[in-house]
Amino acid sequence: MTANLLCTRRTPLEIARDLASEFARTAVDRDASGGTPKAERDKLRSSGLLSLSIPGQFGGLDANWSETFEVVREFARVDSSIAHVFGFHHLMLATVRLFATPAQWQTWFSLTASNNWFWGNTLNPLDTRTVVKRHTGWREFSGQKNFCSGANDSEMLIASAIDESAGGKLLIAAIPSARSGIILHNDWNNMGQRQTDSGSVTFKRVRVEESDLLLDPGPLSTPFACLRPLIAQLHFANIFLGIAEGAFEEARQYTLEEARPWFRSSASHSTQDPYILSHYGDFWVALQGTRLLVERAGEVLDAAWAKGSALTSEERGTAAIAIATAKVAASRNGLELCSKVFEVTGARATNASVALDRHWRNLRTQSLHDPLDYKLHELGEWALNGTPPIPTFYS
């Protein structure tokens with residue numbers, strides 16, 4: 001059944017909510033076990049949602065970024081690992097759209113939509129251990145790469161390597177995951193985001209054709225191409241917000257059904273304790289403010305994306321500020337909420353079976369992707385000096 005046929009009956013968000021309900025039933029156990037969520041990834045394949053951000057003329061569902069990230073948040077509320085690899089899949093599709101020729105990205109979009117391909121990441125510009133060797137008519141990638149989210153159980157990869165013969169230029173390519181010489185390691189064992197398969201990959205003399213390389217216009221070459229890091233940053237902001245929303249709802253249910261008032265409290269039930277009510281008031285204000293910033297950033301990104309090659313540097317800078325602001329708020333407010341939920345649930349909520357800690361672990365792990373201090377520095381430059389962020393793979 002094609003993605004379009006699926007969605008004549010239900011909207012993408014309705015499909016995502018049904019999947020999220022399924023994923024929630026096993027999320028705690030899978031968080032503990034780690035590894036690749038193969039069954040869940042296959043359900044994403046059969047759902048049609050892997051074509052969510054692909055234009056309708058290429059077989060996709062034609063969603064804008066706000067709609068795509070709404071689905072990411074829906075998953076993040078119950079399973080932030082699934083949200084991460086799903087969002088990264090669409091980030092990889094955006095990468096080929098922004099860096100490649102129309103003939104390249106249109107073909108990859110059509111094949112992805114018709115075959116339900118999952119795209120994974122082996123693009124890590126800070127890890128320079130993978131290098132390029134030039135041959136007549138093709139290139140060779142060899143070396144290691146860390147933090148390769150979603151590479152396992154994928155059909156296509158975005159890969160990067162350093163071309164030392166061209167002064168250390170970063171080359172980016174779209175290549176089949178099953179190509180000879182690509183070794184995907186199952187070595188991701190961090191405290192959070194445990195089912196993102198964000199471990200390492202080895203490239204052993206991997207052949208990369210000229211038609212695989214994303215050279216026209218190439219990475220960070222135009223204001224439009226420079227939207228790629230902004231999509232990544234807003235993806236993280238939506239994950240953080242979704243995690244916080246999920247933690248809030250789980251804590252709320254626990255407070256309503258399980259929590260007991262402190263013996264010094266005059267309340268007969270925790271739902272009437274003044275300190276618990278104060279905490280929930282703080283949670284509410286933080287979530288509402290973050291939602292508004294994240295949703296506004298999505299609208300700004302949609303407007304910038306619609307401009308295409310006509311996007312100006314100034315317009316790109318406006319989007320960068322809106323997205324950086326949303327990400328800072330989502331990081332700070334999410335981490336605080338995910339830590340303080342124990343103050344409204346009590347000591348018994350620290351039992352491993354409740355697993356409230358996974359929300360903080362997941363958000364803390366993902367929030368370290370790039371330092372918040374440097375994001376605040378960029379915002380300070382804008383607030384004080386009127387200088388927009390300089391485009392990099394992280395801003």
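Analyst: In helix H2, Leu13, Ile15, Ala16, Leu19, Ala20, Phe23, Ala27, Arg30 and Asp31 are buried, where buried means under 20% relative accessible area, with a 1.4 Å probe and protein chains only. This is a predicted model, in which local features need pLDDT of at least 70 and side-chain atom pairs count only at pLDDT 80 or more, while totals for chains, interfaces and linings use all residues. Residues are numbered from 1 along each chain as its sequence is written, and side-chain values use heavy atoms, with hydrogens and water left out.

Helices are DSSP runs (H or I, at least four residues) numbered from the N terminus. H2 has 22 residues and reaches 29 Å from its first C-alpha to its last, close to the expected 32 Å, which is 1.5 Å times one less than the number of residues. At Ala27, one of the buried residues, H2 bends by about 55°, the angle between axes fitted to the seven residues ending there and the seven starting there. After H2 comes Gly34, which has a positive phi near 70°.

H2 (12-33) also supplies at least two residues of the lining of the largest cavity, as do H5 (80-99) and H10 (357-367). A cavity is a set of points on a 1 Å grid over the protein atoms alone where a 1.4 Å probe fits but cannot get out, and lining residues have an atom within 4 Å of a point. The largest cavity holds about 120 Å³ of space, the volume filled by probe spheres set on the points, which are joined across faces, edges and corners. Of its 15 lining residues, the closest to the centre are Asp31, Asp79, Ser80, Arg358 and Asn362.

Key: On a 1 Å grid over the protein atoms alone, a cavity is a set of points where a 1.4 Å probe fits but cannot get out, and a pocket is an open set with protein on both sides within 12 Å along at least five of seven lines; lining residues have an atom within 4 Å of a point. Buried means under 20% relative accessible area, exposed over 50%, partly exposed in between (1.4 Å probe, protein chains only).
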